[in-house]
There are 4 protein chains.
Amino acid sequence: MIKVGIVGSTGYAGGELVRLLLQHKEVEIKWLYSQSYLGEDYHRIYGNFFKLLDKKCVGGDINDLVNEVDLIFTATPQGYCSGIINEELLSKVRVIDLSADFRIKDLDIYTSWYNLEHKSPEYIDEAVYGLCEINREKIKKTRILANPGCYTTASILSLYPLVREKLVDLNSIIIDAKSGTSGAGRGSSVASLFCEVNESIKAYGITSHRHTPEIEEQLGYGAGENVIVNFTPHLVPMNRGILTTSYLNLLSKVNYFDLKEIYNKYYGNEYFIRLLEENVFPETRWVSSSNFVDINFKIDNRTNRVVVISAIDNLIKGAAGQAVQNMNIMYGLKENEGLEQVPLFP
Amino acid sequence: MIKVGIVGSTGYAGGELVRLLLQHKEVEIKWLYSQSYLGEDYHRIYGNFFKLLDKKCVGGDINDLVNEVDLIFTATPQGYCSGIINEELLSKVRVIDLSADFRIKDLDIYTSWYNLEHKSPEYIDEAVYGLCEINREKIKKTRILANPGCYTTASILSLYPLVREKLVDLNSIIIDAKSGTSGAGRGSSVASLFCEVNESIKAYGITSHRHTPEIEEQLGYGAGENVIVNFTPHLVPMNRGILTTSYLNLLSKVNYFDLKEIYNKYYGNEYFIRLLEENVFPETRWVSSSNFVDINFKIDNRTNRVVVISAIDNLIKGAAGQAVQNMNIMYGLKENEGLEQVPLFP
Amino acid sequence: MIKVGIVGSTGYAGGELVRLLLQHKEVEIKWLYSQSYLGEDYHRIYGNFFKLLDKKCVGGDINDLVNEVDLIFTATPQGYCSGIINEELLSKVRVIDLSADFRIKDLDIYTSWYNLEHKSPEYIDEAVYGLCEINREKIKKTRILANPGCYTTASILSLYPLVREKLVDLNSIIIDAKSGTSGAGRGSSVASLFCEVNESIKAYGITSHRHTPEIEEQLGYGAGENVIVNFTPHLVPMNRGILTTSYLNLLSKVNYFDLKEIYNKYYGNEYFIRLLEENVFPETRWVSSSNFVDINFKIDNRTNRVVVISAIDNLIKGAAGQAVQNMNIMYGLKENEGLEQVPLFP
Amino acid sequence: MIKVGIVGSTGYAGGELVRLLLQHKEVEIKWLYSQSYLGEDYHRIYGNFFKLLDKKCVGGDINDLVNEVDLIFTATPQGYCSGIINEELLSKVRVIDLSADFRIKDLDIYTSWYNLEHKSPEYIDEAVYGLCEINREKIKKTRILANPGCYTTASILSLYPLVREKLVDLNSIIIDAKSGTSGAGRGSSVASLFCEVNESIKAYGITSHRHTPEIEEQLGYGAGENVIVNFTPHLVPMNRGILTTSYLNLLSKVNYFDLKEIYNKYYGNEYFIRLLEENVFPETRWVSSSNFVDINFKIDNRTNRVVVISAIDNLIKGAAGQAVQNMNIMYGLKENEGLEQVPLFP
């Protein structure tokens, strides 16, 4: 049994992590850390856990708490995880960080997009970017796993084969993304009230969303050269789900099956990536509550562009599920252990 | 492995049944029967099953199909199941019927509320009403299991102890129920379009909903005398969930803990019934995607009434989940096998 | 032109008031008072007003501001309006208060349900409860108009004829009410976040909601004796609308048309009350964005109860619209001036 | 008073037209034509009209019905309007067609995208494309007004100044559009059921949506040369609203205010087009229930693209409202007559 502790356990991603880990047969949850809800029964914060999880939120010194566990998850704001990482802590536990602290290798880019000084930059190199299907080998041994962002997971996975194979103009990439509201977190804010979100759609973070450099860095590794993208997120009146619609200029005449073969080469054996049948396109409802990534695309012969569409559950493959998948890889477990749920519909 | 066939597999309850059974480790799904989608890949009807279930919908003579299985589920319109039941069929398979055909023991009441002639009335007596927590012993051996309705499950379970213990005036029972829209089924109809349901709430079937006699009959068995209730269902703009708010006149002065003791006597050991803590009330989000029934109540000292509230997922404890729970009982499996999911939130 | 000022202009009821008054041809809005948004352009708070209303929120001493206007609306928390009312203020302006401060005549009841000391109890008697269809004559001349609550408007109007005519057992009244989420206001709170409200329904304030004594007092005036009711509100995942479903024991055998005649006697000439045709029941979508109250009922012969259903838009007839209707009455305008919008659908 | 008849009055666009025209003080509705609901009270089809509109749906020969009116609106499927247009009919009435029959000047394009033979191609030249802000002069005198599509209105209006002024690469235009569900119409279909749409987002009509050639033709007129665009619509779980997010490569270095000046040149005096303040972006909630078009943009210096965002109410500026605006222009009325509603929120 892997003994785990969860810091930031009361946000939506934290709650989802608790749910997945509670049902994971190789894991024992030792503690749930929360400064905001210190001492409260966890099931009073999330009523779904009533009679299923009998724990109170703990606080205190994280350096003590790590003595009880093998692995910690930090589902915390930017800046927390980089503030606790040091040799002593890493001598006791491995860390899966759901924040952005260790996602970006270029420190200047981190600093400028996040407007934060990084507190343990000496560990950035060591940390592994946990996009499982791309970085599986490196993930196995890392002590610090940087769990990817929600938009980035859907964006990168759906475009990686095209970029890697140099099939598209790298200057032409436009990603138009749509997210459910759980991505905004459980903090109270007028902008996330039911009446503000319901019956409306809006773009936000136009040209400036923090997932942009993360997408660019990873696609850049794939391409072997710099990639600059337009990334525009939108808020959709639904709880869960991310849909990305990406537009890329093709460098040569290819047809659907040419590209499908490329995608199959990369993902044909991946359990969590479902390449849909021709003319069937991803919809968030078909992946909701699961760790699946649905991908398909269509070639527009009139403009010689390819439109690539992907769908994930932002709280699962976009956060907690991918964190569990990373844990499974790190501990040599079956990669889909605890993640085999059939998506729930309706 | 129990070999099962599902008739009416393409409605919402049918789809949920497929999902639960596919993840049930003692079950093998042999066929999915659907007249409307004959020959189609099941995953083209419900995209969540893509790569997880590779079956096409079958049709044909049910009398032949039953040769391949031990158990059939009929998630079909009223009148179908009663039309296929006979000694020969029952010599081959057991039947769990999710329709109303065998729920009501009084044939006249069935006929008048459903406006249908029953095609195999001689089997009504033998059929067992599958409200697991009440009828567990009878369920074990039955060949014909009448799976309860969604509203009825929530209504009966939440009121049964009060009625059985004669704590309330049996002439005072009022049940105001609210349901998500999946209860209306997957048939195309203007009334169930997104724009008709969204941003509105309505009552329907006022004084005439067909779940009324089912509630009355079962509560009547509990009370040992006739029970007549006011039952009013409402349509709520959400996919899943039923909330019941019931109002009953208390026959004597009792306090919260007196009643809690009674509820504990009936349900204290039931895995699927969660009696919430004082002043915490059921909300459908905390049971959604699970087989749980959350129950609590409050005494109104000013009127000497008790207000009882319950919440279920209408497609699970209100349909497919309870059907699986019944199957587990019928086959001597662990009662919560395949039904241990922590409710999904948000 | 009536010159008006609006205090508490940035809540949902305040915003609705601004919208209605801006389109009212006998009204000039002089100022919008808001402590939270002092100095901000109103259209930055509510983007719908961009290019339509060019005002900034003001603060400062209300006693000065009243010099500029004839009438003020207070869409403020309990305790504000009673704190500013005095002879000097009333010598300058009339007041329409959307809070509960002057709704309840019995000071002890106000104090105990609201847990607040009333700051100007000497004005309670003078204030008129602004349920237009019931109190029209008194409304005309009042200086202090207590605008009714949202739940109370729907509850009282739909039950008043039955209670007044003594057709029902006054001890049997049960009101099960369902509201859209705008009723919870625009303050930031976790409980009102999109993800907490969406895909769920819950009861709240069970046996203890503050609209209970308001309903009881007014129905008591109608009946000429004390009335005690069970009132249970529910939160529904939609922006607007209140539906009430009430259950009352009939004192004698009556049929639909007997009762319809009674309702017609009271409301047959009321523009804003629509008595629906037999077997057509109120749905919130049909009154949304309007000041209408839709009412109908059904007699349950099996239990000799009548089920009464009503629907309003909680922000309009339940708040801002009724306030405007009261203003129209107070100033001798056409009662539906500025309130003739056809309900918006879908 | 303009006497009007409405064909196709029972769809969502038709219902919205009835609502707007009923409140328009220069219009008298003479008849509502509907084959599906022939003889039914209109308020039984749309309950919002109860007591406000006392008409039954009529059928019969349109050539007779036109004798009673000055103007007909056809909110009908493609092919209907082109089937009734002839000299005799046009000698009696003017026609505002909300279908696509007369929107596209190039007959081959119409035929190939709509897969329909046009029944009165000789009238295509005469018909005027009713994008009010662009074609105002031509609209005044036309007998046949082709009312633009919903997606097209938002797309064209938001991009027209950039294209007309040759500020962008005409081969680079990508339009990612998101629509509420009322755009799918009121016909019963599984795909539009509440449970299918709620809690999901999907793209559809990828590279093949019929509004594409309409956008291309009109932008082409603006540019004075052929324009080919990528247009991808998405279905969003809300009733009303369209948001477009468009991506265009700038041909030179310009800043926000350079472009704002251009937009002001075209739209600075337009009542219905609101150019938002810098860094405030359109959201559908701020235009809902109104005829406004909100537009803003942001320049991405990293990619030298401009991201243009627009929002409309699809049933109003995208259908019925624009039709009324066109009528106002055609009959020399104040252009915003009957269309001055402040958008409703929340």
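1. How far apart do the C-alpha centres of domain 1 and domain 2 of chain A lie? They lie 27 Å apart. Domain 1 of chain A covers 2-126 and domain 2 covers 151-313; such bounds come from an automatic or database domain assignment.

2. Conventions. This is a predicted model, in which local features need pLDDT of at least 70 and side-chain atom pairs count only at pLDDT 80 or more, while totals for chains, interfaces and linings use all residues. Residues are numbered from 1 along each chain as its sequence is written, chains are lettered from A and ligands numbered from 1 in the order in which they are written, and side-chain values use heavy atoms, with hydrogens and water left out.

3. Domain contact in chain A. Domain 1 of chain A brings 13 residues and domain 2 of chain A brings 15 residues; contact means heavy atoms within 4.5 Å. The area buried between domain 1 and domain 2 of chain A is about 1,300 Å². Carbon and sulfur atoms give 51% of that area. Buried area is the accessible area (1.4 Å probe) that two parts lose on being put together, summed over both. A:Y12, A:R103 and A:W113 supply 49% of what domain 1 of chain A buries against domain 2, more than any other three residues.

4. Domain 1 and domain 2 of chain A share 2 salt bridges. The term needs a side-chain nitrogen of Lys or Arg within 4 Å of a carboxyl oxygen of Asp or Glu. A:E214 and A:R103 meet in a salt bridge through their side chains, at 3.2 Å, N to O. A:R103 also belongs to the trio in point 3.

5. The domain 1 side. In chain A, α1 (12-22) and α6 (107-114) are the elements that give two or more residues to the side of domain 1 that touches domain 2. Helices (H or I, at least four residues) and strands (E, at least two) are DSSP runs, numbered from the N terminus. The largest share of this side, 3 residues, comes from α6(A). Its residues divide into 7 nonpolar, 2 polar and 4 charged.

6. Chain D against chain A. Here 47 residues of chain D are in contact with 47 residues of chain A. The buried area is about 4,000 Å², and carbon and sulfur atoms give 55% of it. D:E199, D:I201 and D:R302 supply 16% of the area that chain D buries against chain A, more than any other three residues.

7. Chain D and chain A have 6 salt bridges between them. One of these joins the side chains of D:K178 and A:D176 at 3.1 Å, N to O. β8(D) gives the most, with 4 residues. The residues on this side of chain D divide into 22 nonpolar, 12 polar and 13 charged.

8. Symmetry. Chain D can be laid on chain C with an RMSD of 0.0 Å by a turn of 180° and a shift of 0.0 Å along the axis. The two copies are thus related as by a two-fold rotation axis. In chain D, the C-alpha nearest the axis is that of D:E199, 4.4 Å from it. Copies are superposed by least squares on the C-alpha atoms of residues with pLDDT of at least 70 in both.

Terms used
Nonpolar A, V, L, I, M, F, W, Y, C, P; charged D, E, K, R; others polar.
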